[in-house]
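Have it open beside you as you read.

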Amino acid sequence: MISKKVIKLTFIVTFLYVFQMFGQQNIFKGDPDKSFENARKMAFNQQRKQAQDTLQFILTKYPDYQDVRSFLATTYSWDGDYIKARKEFAAILNKDSKRKDTWIAAIKNELWGDTPYIALEMSNKALEIFTADSEILFLKAKAQEKTSNTQEALGTIQLVLNKNPADQNAIDYKINLNNLLSQNTIGINSSVDFYSKTFDPMQYHTLKYARQTKYGSIIAKVNFNRRFNENGMQYEVDMYPKISKGLYAYANLGFSNSFLFPDIRYGAELYKSLPKSFEVSLGFRSLKYTTTTNIYTGSIGWYKGNSYFSFRPYLTPGDKGMSKSGTFTYRYYGSDADNYIGISTGIGFSPENNQYNISGTIAPIINLKSQKINLSYYFSSDNKQNAWGTQFGLTHQEMSFDQGNYFWIYSLSLIWDLKFK
């Protein structure tokens, strides 16, 4: 009879043998260079997980194959696994701090992971090893900008340009930083409407001053209109206060003693960013003529690459029921928000959009029919300090005093803004 001691010993030996065999099967065997090349191909061919499995497998046999570990960390960073990437980059740099490419990838990982203070600290450490290196200085400037040290970032990028004045990336980034530091803007907007019948041309001019602050932007405007052979002025303030990340507001207040404008206009709106590059808002506008007209509005916007789509409805209660109108807008952006082409179309009459086509005596009439289309083109100078724009609009609108009959309105606008520190 087999003793319990023999059975127990046999079990232990069998377990150790199986464990050893299992361990041997999970140790890489093969050509690490060829497997690394295959893993790179998979990573760039939408097979990221398979590539990472292969890279990890290579490291079981060759843990000091730093190019493999660095590329593994980079794939983690691409996937948004910034903590995993940080761990792998740190393991490499602890063994070999002279790998400049690894420093650069590690700093980028922190910038992408929204940890700019860590990126700034790493940039300073890297510059102790690679003194005045242009690539690392560029990343340091990025980190300084993201930590709200824009002026310091400008000084850092100037060091890059001192070494290589023809560095186009540095030139473009310096322009961008100067633009961010230019927190003041003055601008002029001049428009004219030509009517197919009944009315003489009408003019609209705005002089504005805008100031960017850490709490949001504020815009003071003086509006001058010439309509119905009369002149009028309005004083207006727009504010865009920041509330929290992804949440901001719009507030407006205006005064006038001319019948060409509301006596008082005011409004507010709340904007919220949503996942998938969506943004929604909800608000109101109020126009006080002889009576007060309230307009309820909102918007839904979507950013897709360089494109922006937006729809804004207007609901205006009145004695004859609820007036409904809406505007759809599409913009295609170039290098930044000051460079784009756009088109907007709308149906329905809203005193918010059509207030310049009416007078105070007919402001309560809100159930007019109207269709419109507007084309726009905006562009800026190379240094981003000057921005220009032009718009052309075509409106088919029902006459307020002869409902059922229409006229055409041809609109032309010219805009100029100057930014300065």
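This is a predicted model: local features need pLDDT of at least 70, side-chain atom pairs count only at pLDDT 80 or more; totals for chains, interfaces and linings use all residues.

1. The axes of α8 and α10 (residues 168-181) come within 12 Å and cross at roughly 15°. Angles under 35 degrees count as roughly parallel, so that is the label for α8 and α10. The crossing itself, as α8 passes α10, is left-handed.

2. Which residues make the contact? On the α8 side they are F138, A141, K142 and E145. Facing them from α10 are N169, A170, Y173, N176, L177 and L180. Sorted by class, this contact has six nonpolar residues, along with two polar and two charged ones.

3. Now for the backbone. Have a look at S148, which sits in the loop between α8 (134-146) and α9 (150-163). S148 is not a glycine, yet its phi is positive, at about 65°. Is S148 buried or exposed? Its relative accessible area is 65%, and exposed means over 50%, so S148 is exposed.

4. N229 is another one to check. You'll find N229 in the loop between β3 (216-227) and β4 (230-244). Its phi is positive too, at about 60°, although N229 is not a glycine. With a relative accessibility of 57%, N229 counts as exposed.

Technical notes
Residues are numbered from 1 along each chain as its sequence is written. Side-chain values use heavy atoms; hydrogens and water are left out. Helices (H or I, at least four residues) and strands (E, at least two) are DSSP runs, numbered from the N terminus. Buried means under 20% relative accessible area, exposed over 50%, partly exposed in between (1.4 Å probe, protein chains only). Axes are lines fitted to C-alpha atoms, for helices over the stretch in contact, and angles run from 0 to 180 degrees between N-to-C directions. Angles under 35 degrees count as roughly parallel, over 145 as roughly antiparallel, 65 to 115 as roughly perpendicular and the rest as oblique. A crossing is left-handed if the near helix is turned anticlockwise from the far one by less than a right angle, and right-handed if clockwise. Contact means heavy atoms within 4.5 Å. Ala, Val, Leu, Ile, Met, Phe, Trp, Tyr, Cys and Pro count as nonpolar, Asp, Glu, Lys and Arg as charged, and the others, Gly among them, as polar.
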